[in-house]
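Work through the exercises below with the structure open. Try each task before reading its solution.

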Amino acid sequence: MTGMTYKNILLPIDLGHASSWKKALPVALDLARLYGAHLNVLTVIPDVGMPVVGSFFPADFEKKAREKAQEALEKWMDENLPEDLDVKADAYVAVGTIYDEIIAVANKLNIDLIVMASHRPKMKDYLLGPNAARVVRHARQDVLVVRS
Ligand code: ADP
């Protein structure tokens, strides 16, 4: 091994689609262990267009949605991360445009490697989904795209 290349790995996942992590999680875990890196798991709640429909939602709609997503993500961590995981793992929730938030959180957390699945397997017409494509294009960090 030439050195501790990666310190801070980001795994963005869509909790509603197991294909977003089934193959990417084992890769992220292996690399986190190999480099002794911190594993950061992020799920983004897509923005529902607050300025237009905001008035139909209770004032604490976003706060509630964040809390629910944080709970769901922590449950996911309990169920899917190995019990004997010897690296630090944290769960993050963001609200907004998925690829923008992945990039913003990557910068904020000083991420040096983003590991993400390419697309949903159903979408056979392309090899890179819209969010993966934009992250690869706009993120400053290394991006490992796991083909699904
Ligand atoms: P598709 O439209 O086929 O799902 P995407 O580009 O949206 O393709 O998905 C590729 C990857 O983008 C996912 O594997 C995941 O890493 C990331 N991603 C998609 N949706 C979310 C989300 N809501 N929160 C965090 N990451 C997401």
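A residue is near a molecule if one of its heavy atoms lies within 4 Å of it. This is a predicted model, where local features need pLDDT of at least 70, side-chain atom pairs count only at pLDDT 80 or more, and totals for chains, interfaces and linings use all residues. Residues are numbered from 1 along each chain as its sequence is written, and side-chain values use heavy atoms, leaving out hydrogens and water.

**Exercise 1.** Find how many residues surround the ligand, and which are the closest.

Solution. Count the residues around the ligand: 20. The closest are Pro12, Val44, Arg120, Asn131 and Ala132.

**Exercise 2.** Find which atoms of Arg120 and Asn131 face a ligand oxygen.

Solution. Start with Arg120: a polar backbone atom sits 2.7 Å from a ligand oxygen. Asn131 uses a polar side-chain atom, at 2.8 Å from a ligand oxygen. The protein covers 94% of the 550 Å² of accessible area that the ligand has on its own (Shrake-Rupley method, 1.4 Å probe).

**Exercise 3.** Give the strand order of the sheet, then explain why β3 and β5 each have a side without a neighbour.

Solution. Strands are DSSP runs (E, at least two residues), numbered from the N terminus. Two strands pair if DSSP finds at least two bridges between them. The order is β3-β2-β1-β4-β5, an open sheet with parallel pairing. β3 (89–96) and β5 (142–146) stand at the edges with a single partner strand each, so one side of each lacks a neighbour in the sheet. Now take β4 (residues 113–117): five bridges join β4 to β5 in the parallel sense. Ile114 stands opposite Val143 in β5.

How values were computed: Helix = DSSP H or I, 4+ residues; strand = E, 2+ residues; numbered from the N terminus. Polar contact = N/O pair within 3.5 Å; in protein donor to acceptor, adjacent residues only side chain to side chain.
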